[in-house]
Amino acid sequence: MAAPRIMLVEDDESIAGALAAVLAERAFDVLHEATGRGALASAGASTPALVLLDLGLPDTDGIDVCRRLRAISPAMPILILTARDSEVDVVLGLNAGASDYITKPFRLGELFARIDAHLRHATVTREVDPATTGGVVVDREARRATRHGVELALRNKEFELLAFLVANAGRALPRERILAEVWDDRWGGASKTLDMHVSMLRRRLGPPDPIATLRGVGYRFDP
Ligand code: CA
């Protein structure tokens with residue numbers, strides 16, 4: 001089995017160098033990016049198994065990078081690794097789609113334990129039985145989706161929306177979060193668009209309807 005690839009997004013060369021060395025020692029394949037732009041560019045091409053993300057980056061704020069990475073890959077573990085330790089920052093990070101939030105200085109043993117836990121969880125999620133997602137299978141790499149084995153003809157945003165809903169099956173998803181992650185819209189301007197896409201998705205998926213409407217909240221994909 002190939003070593004899991006970890007993308008380390010960190011502009012501080014001394015931290016990056018030290019972390020890359022200990023990660024490599026633990027047999028991870030380390031890909032280092034020092035800017036947000038670099039991280040986004042290589043995330044699409046190199047499909048890391050997990051991302052360690054610093055927030056204070058020279059070009060883009062890490063929160064933005066997190067949101068975009070999450071849109072590219074709904075199931076990839078993203079661990080924020082930062083000196084920002086206020087509650088507001090932690091909430092912002094988790095709302096941007098981070099899987100975990102670790103503050104500097106961190107204990108190395110704990111960091112590795114968290115990395116292992118997230119990788120384990122991601123593997124289980126990937127291998128989930130299609131039946132548990134309402135017969136819907138989303139293959140991001142091939143960019144195709146099927147329900148009960150029948151391919152769904154989806155437009156770009158319909159596919160993104162379905163992928164996001166399925167990756168979070170069973171969880172209540174607030175409208176704002178869906179808009180931020182699928183449309184990169186943080187102010188709710190695309191609210192109507194979301195409803196239109198959901199109703200289109202329902203039509204394409206056919207009965208029984210796997211998308212529950214949560215009044216005043218958002219939507220939930222019911223497995
Ligand atoms: Ca930094």
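The protein chain is divided into domain 1 (5-126) and domain 2 (130-221), with bounds taken from an automatic or database domain assignment. The structure is a predicted model, in which local features need pLDDT of at least 70 and side-chain atom pairs count only at pLDDT 80 or more, while totals for chains, interfaces and linings use all residues. Residues are numbered from 1 along each chain as its sequence is written, and side-chain values use heavy atoms, with hydrogens and water left out.

The centres of domain 1 and domain 2, taken over C-alpha atoms, are separated by 26 Å. Contact (heavy atoms within 4.5 Å) involves 11 residues from domain 1 and 11 residues from domain 2. Between them the domains bury about 890 Å², of which 46% is on carbon and sulfur atoms; buried area is the accessible area (1.4 Å probe) lost by two parts on being put together, summed over both. On the side of domain 1, Arg 67, Ala 71 and Pro 74 supply 52% of the area buried against domain 2, more than any other three residues. The interface holds 1 salt bridge, defined as a side-chain nitrogen of Lys or Arg within 4 Å of a carboxyl oxygen of Asp or Glu. A salt bridge links Arg 68 and Asp 184, with the closest N and O atoms 3.2 Å apart.

Grid points are joined across faces, edges and corners, and a volume is the space filled by probe spheres set on the points.

The count is 1 cavity of 30 Å³ or more. The largest cavity has a volume of about 40 Å³ and is lined by Arg 70, Ala 71, Pro 74, Arg 140, Glu 160, Phe 164, Glu 181 and Val 182. Two or more of these residues come from each of α3 (62-72), α6 (156-167) and α7, helices being DSSP runs (H or I, at least four residues) numbered from the N terminus. Domain 1 and domain 2 each contribute at least three residues to this lining.

The second largest pocket contains about 260 Å³ of space. Its lining has 15 residues, and those closest to the pocket centre are Asn 95, Glu 176, Arg 177, Ala 180 and Arg 186. The largest share of this lining, 5 residues, comes from α7.

Terms used
1 Å grid on protein atoms, 1.4 Å probe; cavity = no way out; pocket = protein on both sides within 12 Å on 5 of 7 lines; lining within 4 Å.
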